[in-house]
Amino acid sequence: MNITVVGKKCTPRENFKERAEKKLSKIDRFFGDGASAKVTATVEKNSQSVEITVFNDGMIFRAQARAENMNDALDECVDLLIRQMRKNKTKVEKRLREGAFDDLIAGEVEEEKEFELVRTKVIPVKPQSVDEAILQMNMLGHLFYVFRNSADNTVSVVYRRDDGGYGLIVPEDDK
């Protein structure tokens, strides 16, 4: 697994990078050589946070944790990733290597049930700016909003982040 460690508002120390590589080796066996992980460490006023995003064959696994100590946040992040994978193991195993979860780390987690689609909604996707889409999302009281971005004519999604900010999801070209 290719691991990249970056810092926001800080420069991660070498011992943090080594610890991150050691911790991610726990989940490395679930993926082939094509997987890559990005570890982002952020220093904030009263805490430090770590976000881990693992990319593998079109699947994305992500976990974020906040703690007083960056190493504690890293440990919690890796545990969250393992829990996500364990919870969805039957669905994920079909996409990853066959048998990769046979020796999953000890501990039982209730397995996720089959997905039940309870509603389908058809919406008009009209051209809007990102600001207009955020305004519309807030007026509807939703956590996300699908729209056609008038800047580049792509179908995009704006969403409200846990930290109070907003995010934008845009499709990647399959060139």
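**Overall.** I began with burial and noted that buried residues make up 31% of the 175 residues in the chain, where buried means under 20% relative accessible area, exposed means over 50%, and partly exposed lies in between (1.4 Å probe, protein chains only). The model is a predicted one, in which local features need pLDDT of at least 70 and side-chain atom pairs count only at pLDDT 80 or more, while totals for chains, interfaces and linings use all residues. Residues are numbered from 1 along each chain as its sequence is written, and side-chain values use heavy atoms, with hydrogens and water left out.

I then looked up the secondary structure and found 4 helices and 8 strands, these being DSSP runs numbered from the N terminus (helices: H or I, at least four residues; strands: E, at least two). Read along the sequence, the elements follow the pattern β-α-β-β-β-α-α-β-α-β-β-β. Among contacts with a separation of 6 or more, 38% are between residues 24 or more positions apart, a contact being heavy atoms within 4.5 Å.

I looked up isoleucine 27, which is placed in helix 1 (residues 14–28) and counts as buried because its relative accessibility is 0%. Leaving aside neighbours within four places in sequence, isoleucine 27 is in contact with Met1, Val54, Leu81, Ile82 and Met85. I also noted that the C-alpha atoms of isoleucine 27 and valine 78 are separated by 8.3 Å, although the two residues are 51 residues apart along the chain.

I next turned to threonine 53, a residue of strand 3 (residues 48–56), which at 10% relative accessibility counts as buried too. With neighbours within four places in sequence again left aside, the contacts of threonine 53 are Ser36, Ala37, Lys38, Ile60, Phe61 and Arg62.

**Salt bridges.** I found 5 salt bridges in the structure, each being a side-chain nitrogen of Lys or Arg within 4 Å of a carboxyl oxygen of Asp or Glu. One of them joins the side chains of arginine 66 and glutamate 44, at 3.0 Å from N to O. Arginine 66 lies in strand 4 and glutamate 44 in the loop between strand 2 (36–43) and strand 3, so the pair ties together parts that are 22 residues apart in sequence. Both residues are listed as partly exposed, arginine 66 with a relative accessible area of 45% and glutamate 44 with 26%.

A further salt bridge joins the side chains of glutamate 51 and arginine 62, at 3.4 Å from N to O. This pair links distant parts of the chain, with glutamate 51 in strand 3 and arginine 62 in strand 4, 11 residues apart. I recorded glutamate 51 as partly exposed at 22% relative accessibility and arginine 62 as partly exposed at 36%.

I also noted the salt bridge between aspartate 163 and arginine 161, whose closest N and O atoms are 3.6 Å apart. Here aspartate 163 counts as exposed at 54% relative accessibility, whereas arginine 161 counts as partly exposed at 29%. Finally, Arg19, Lys23 and Asp75 are linked in a network of salt bridges.

**Charged patches.** Which residues form a negative surface patch? I found Glu68, Asp72, Glu76 and Asp79. Patches are made of residues with over 30% relative accessible area and no salt bridge, like charges being joined within 9 Å and nonpolar side chains (Val, Leu, Ile, Met, Phe, Trp, Tyr) within 5 Å. Lys and Arg count as positive and Asp and Glu as negative, while His and the chain ends are not counted; the place of a charge is taken as NZ of Lys, CZ of Arg, CG of Asp or CD of Glu.

A positive surface patch is formed by Lys8, Lys9, Lys38 and Lys45. Lysine 8 lies in strand 1 (residues 2–8), while lysine 9 is placed in the loop between strand 1 and helix 1 and is exposed, with a relative accessible area of 72%.

**Backbone.** I noted that lysine 9 has a positive phi of about 65 degrees although it is not a glycine. Asparagine 153, also a residue other than glycine, has a positive phi near 60 degrees, and its place is in the loop between strand 6 (144–149) and strand 7 (155–160).

Note on methods
Accessible areas come from the Shrake-Rupley method with a 1.4 Å probe; for residues, only the protein chains shown count as cover.
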